[in-house]
Amino acid sequence: MMFGAHVSPRDYLTRISEVQDQLDLSETEALADAVHRAYENGNFVFICGNGGSGSNASHLCEDLGKSSLTRDKFTDDSVKRLKVLSLTDNTPYILAWGNDEGFDRIFVEQLKNLASPGDVLIAISGSGNSPNILNAVEWSNRKGLETYGITGFTGGKLRVLAQNNVHIPCDDMGIVECLHLQLFHWVLDDLHGRINEVGRYAAKGELRKAA
């Protein structure tokens with residue numbers, strides 16, 4: 001369904017607002033907690049998706065890798081950084097596996113090279129039924145990664161297979177992808193606040209200074 005083909009921009013935004021009101025935001029808070037744990041423990045965060053979800057994977061990766069720090073820390077090599085990688089962005093590797101062995105293996109085969117127990121996999125699929133996403137999550141579950149399925153529609157198979165979920169209960173892919181990115185931006189902001197002890201995390205830094 002393409003809801004925007006039938007309504008005005010105002011009605012489209014109203015529909016997005018209605019869907020937002022149905023979200024279980026504790027799921028997003030749990031995702032932010034997982035990303036922060038990975039940062040604290042030195043684990044990798046891997047992200048994957050197809051199409052628009054693949055673009056969201058790349059966007060989230062860039063945001064978490066760069067914008068989790070304040071500008072004054074960019075050139076300070078003593079500052080700890082989040083290990084984050086989007087599996088959508090190594091085009092030759094993806095094409096090699098897709099062409100030679102099948103598109104269903106483009107993400108899981110990268111994880112076999114790179115992932116370790118304790119890492120986090122954020123797997124984005126609006127339908128929840130993309131085989132290459134499901135293969136990556138199934139392997140990650142067996143190998144000790146913490147898995148998050150980011151879904152829309154009914155959540156499909158991914159909502160059952162992933163250990164944790166962020167679900168958008170909507171049958172319009174555009175709205176689903178829009179809200180995924182909106183929530184990802186909050187996850188970024190939350191991580192930025194924790195790492196740099198600003199915003200609602202500023203008190204933590206003040207307590208440390210006082211001690």
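Biologist: What span should the 16 residues of α3 have, and what do the end C-alpha atoms say?
Modeller: This is a predicted model. At 1.5 Å a residue, the 16 residues of α3 should span 22 Å, and the end C-alpha atoms are 23 Å apart, so the two values agree.

Biologist: Which residues in α3 are buried?
Modeller: The buried ones are S53, G54, N56, A57, L60, C61, D63 and L64.

Biologist: And what covers the buried residues of α3?
Modeller: The cover includes the helices α2 (25-41) and α8, along with the strands β1 (44-49), β2 (83-86) and β3 (120-125).

Biologist: Where is G52?
Modeller: G52 lies in helix α3, which runs over residues 51-66. G52 has 29% relative accessibility, so it counts as partly exposed. Buried would need a value under 20%.

Biologist: How far apart are G52 and P9?
Modeller: They are 43 residues apart in sequence, and their C-alpha atoms are 20 Å apart in space.

Biologist: New topic. What is the phi of F153?
Modeller: Phi of F153 is near 50 degrees, which is a positive value in a residue other than glycine. F153 sits in the loop between β4 (146-151) and α7 (156-161). With 31% relative accessibility, F153 counts as partly exposed.

Biologist: What about phi of E197?
Modeller: Phi of E197 is near 55 degrees, again positive and in a residue other than glycine. E197 belongs to the loop between α8 (173-196) and α9 (202-210).

Notes
Residues are numbered from 1 along each chain as its sequence is written. This is a predicted model: local features need pLDDT of at least 70, side-chain atom pairs count only at pLDDT 80 or more; totals for chains, interfaces and linings use all residues. Side-chain values use heavy atoms; hydrogens and water are left out. Helices (H or I, at least four residues) and strands (E, at least two) are DSSP runs, numbered from the N terminus. Buried means under 20% relative accessible area, exposed over 50%, partly exposed in between (1.4 Å probe, protein chains only). The expected span of a helix is 1.5 Å times one less than its number of residues. Contact means heavy atoms within 4.5 Å.
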